[in-house]
Amino acid sequence: MKLFASFRAARLQVSLRELFVVVLVAAAFCGGWAFAQRRAEKAIQAAQEAADLARRQEEEARKQLEAEWYSRTIPCHPGCFPAGTRVLVPQGTMPIEGIREGDLVVTIGADGHASTAQVVSVFVTRNRLLNVRTDSGTLETTETQPICLDTGEMKAAGKLKAGERIWRWDGTARKAATVRDVTPSKIAQVFNLVLGDPTIFIAGDFLVRSKPPAAD
């Protein structure tokens, strides 16, 4: 009986030693795994930060190149509008890039009354744009585009000042909108309409002048 008890005690002691070794190995393994996991997470984070930095640098370089090109681009004469600008036509509105020779567009006379005129041709080029922001909406156009002031005069979009009032069409009549600021936008493909003699039409809900016919 004593021999059996001694055997059990010895066996228990061996089992405890084995368990201790297993625990030590497991702890070492888990500790190493946790360390490796932390290293991997740090490496992934560093890679993401490097990628973000590269994207920011690329975007900054693109903006600098665009700004340099913008400053060297000769302004579109006497003004144009980007694709997507809605032009008022008898049936409603159309994007300016969808208007073709022979189409009718709504024009506005000096008395503010609406009429129509036929498109003689559509002028297309690529040029720099700016945003004319008012208290009643924003018009994106080129800096030389003539805009109708509420005084009856015309003024190039790039020369408009905060506080000046320009004509906007509210669907039935002219309404004055106050300019808040004029800021550079981007360089893009732009369009304008030739309506015979320079004529006032509605682009982006604002009263603007059409492009004169090319000189013979």
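Tutor: Two strands count as a pair if DSSP finds at least two bridges between them. Keep that cut-off in mind as we walk through this predicted model.

Student: What makes E10 and E11 a pair of strands?

Tutor: Five bridges link strand E10 (residues 165–169) to E11. The cut-off is at least two bridges, so E10 and E11 pair, and they do so in the antiparallel sense. Within E11, Thr178 is the residue opposite Arg165. E10 and E11 also form a hairpin, with four residues between them. In that turn, Gly171 has a positive phi of about 110 degrees.

Student: How do you know that strand E1 pairs with E11?

Tutor: Strand E1 (residues 81–82) is joined to strand E11 (residues 174–194) by two bridges. The requirement is at least two, therefore E1 and E11 pair. They run antiparallel, and Pro82 faces Val190 in E11.

Student: How many bridges join strand E6 to E11?

Tutor: There are 13 bridges between E6 (residues 121–134) and E11, again antiparallel. Thr134 stands opposite Val179 in E11.

Student: Why is the set containing Val132 and Leu193 called a nonpolar core?

Tutor: The name applies because its members are buried nonpolar residues joined through side-chain atoms within 4.5 Å. This is the largest such core, with 24 residues, and Val132 and Leu193 are among those with the most contacts inside it. E11 gives the largest share, four residues. Another core, of nine residues, lies apart and includes Leu88 and Trp169.

Note on methods. Residues are numbered from 1 along each chain as its sequence is written. This is a predicted model: local features need pLDDT of at least 70, side-chain atom pairs count only at pLDDT 80 or more; totals for chains, interfaces and linings use all residues. Side-chain values use heavy atoms; hydrogens and water are left out. Buried means under 20% relative accessible area, exposed over 50%, partly exposed in between (1.4 Å probe, protein chains only).
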